[in-house]
Amino acid sequence: IGYQTAYVHPFTSTFYGRDEIYATYGFDKMLFDEDLTVPVEEYPNGYISDKTVFDQILQLVSETDEPLYVHTTTMQNHQPYDWIENASELEVYLEGVRTTGEGLCELLDSLEALDEPTVLMFVGDHFPSMRAEGNIYDAMGIDSENCEVLYEQPALIWSNTALDTSLLPTELCSVFY
């Protein structure tokens with residue numbers, strides 16, 4: 001329908017067979033950790049930072065004249081959550097959320113400045129896996145029998161142009177299945 005398409009994932013292309021599986025979706029371009037074309041910043045936990053991914057998205061948008069659909073899976077705030085000394089898993093996770101939020105604000109400011117009609121949907125695929133004794137899930141009574149709530153994620157939709165949201169589902173749905 002006239003869109004260029006790209007998939008960006010700052011991790012190993014063969015993990016979960018993403019290079020083969022996502023290729024079947026017909027993306028025009030797929031960028032994994034070894035393919036990124038912007039300066040790569042490593043987050044303190046060893047994963048590539050969300051800022052790097054946001055910079056890659058901006059580069060793709062700026063170098064593409066046609067409408068562009070970009071699907072991105074980030075890694076910055078992935079487990080394990082033990083890289084800050086004397087901090088709980090929850091505290092480490094929330095620090096990552098804070099950092100991603102700052103980067104997301106910068107991304108939105110940059111998209112706004114491009115003056116191109118743009119819609120961004122930001123959603124997680126699951127809440128973090130926390131395994132330390134006495135973790136937040138233990139305190140909430142979440143276990144293998146009732147953990148489906150960890151996969152119910154809200155979405156943030158941002159647009160710099162008028163957006164008709166009347167066709168968006170109002171009931172629980174999956175953006176992945």
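Tutor: A polar contact is a pair of N or O atoms within 3.5 Å, where one must be able to donate a hydrogen and the other to accept it. The model discussed here is predicted.

Student: Which residue's backbone oxygen does the side chain of Asn45 reach?
Tutor: Asn45 sits in the loop between β2 (29-31) and α2 (50-63). Leaving aside neighbours within four places in sequence, Asn45 is in contact with residues that include His78 and Trp83. The cut-off for a polar contact is 3.5 Å, and at 2.7 Å the side chain of Asn45 reaches the backbone oxygen of Gln76.

Student: How far is the backbone nitrogen of Tyr47 from a polar atom of the side chain of Asn45?
Tutor: The side chain of Asn45 also reaches the backbone oxygen of Gln76. Between a polar atom of that side chain and the backbone nitrogen of Tyr47, the distance is 3.1 Å.

Student: What angle lies between the planes of the aromatic pair Phe11 and Tyr47?
Tutor: The whole structure holds 11 aromatic pairs. In the pair of Phe11 and Tyr47, the ring centres are 5.9 Å apart. Planes under 30 degrees apart count as stacked and those over 60 as edge-to-face. The pair of Phe11 and Tyr47 is tilted, and the angle between its planes is 50 degrees.

Student: How many residues apart in sequence are the parts that the pair of Phe11 and Tyr47 ties together?
Tutor: Both Phe11 and Tyr47 are buried. Phe11 belongs to the loop between β1 (4-8) and α1 (18-23), whereas Tyr47 belongs to the loop between β2 and α2, so the separation along the sequence of the parts they tie together is 36 residues.

Student: Which residues do ring pairs link into a cluster?
Tutor: Aromatic pairs are found by the distance between ring centres, with a cut-off of 6.5 Å. Ring pairs link these residues into a cluster: Tyr7, Tyr22, Tyr25, Phe27 and Phe32.

Student: In what pattern do helices and strands follow one another along the sequence?
Tutor: The protein has 4 helices and 5 strands. Read along the sequence, they give the pattern β-α-β-α-β-α-β-α-β.

Student: What is the radius of gyration of the protein?
Tutor: The C-alpha atoms fill a box of roughly 50 × 40 × 35 Å along the principal axes. For 177 residues the globule rule gives 16 Å, and the value for this protein is close to that, so the protein is as compact as a globular protein of that length. The radius of gyration is 18 Å.

Student: What share of the 177 residues counts as buried?
Tutor: The accessible surface comes to about 11,500 Å², of which 53% belongs to carbon and sulfur atoms. A residue counts as buried when its relative accessible area is under 20%. Of the 177 residues, the buried share is 31%.

Student: With which side chain does Ser129 make a polar contact of 2.9 Å?
Tutor: Ser129 lies in the loop between β4 (119-123) and α4 (136-140), and is partly exposed at a relative accessible area of 25%. Its side chain makes a polar contact of 3.1 Å with the side chain of Gln79. The polar contact of 2.9 Å joins the side chain of Ser129 to that of Arg131.

Student: Is Thr5 buried or exposed?
Tutor: Thr5 is part of strand β1. Leaving aside neighbours within four places in sequence, Thr5 is in contact with Gly26, Phe27, Asp28, Lys29, Leu68 and Tyr69. The cut-off is 20% relative accessible area, and with 19% Thr5 counts as buried.

Student: Which residues does Val175 touch, not counting residues up to four places away in sequence?
Tutor: Val175 is in the segment after β5 (155-159), and at 45% relative accessibility it counts as partly exposed. Not counting residues up to four places away in sequence, Val175 touches Met121 and Val123.

Terms used
Residues numbered from 1 in each chain as written. Predicted model: local features only at pLDDT ≥ 70, side-chain atom pairs only at ≥ 80, totals over all residues. Heavy atoms only, no water. Helix = DSSP H or I, 4+ residues; strand = E, 2+ residues; numbered from the N terminus. Contact = heavy atoms within 4.5 Å. Phe/Tyr/Trp six-rings, centres within 6.5 Å; stacked < 30°, edge-to-face > 60°. Buried < 20%, exposed > 50% of the residue type's maximum accessible area, 1.4 Å probe, protein only. Rg over C-alpha atoms; globule rule 2.2 N^0.38 Å. Areas by Shrake-Rupley, 256 points an atom, 1.4 Å probe, with all protein chains shown as cover.
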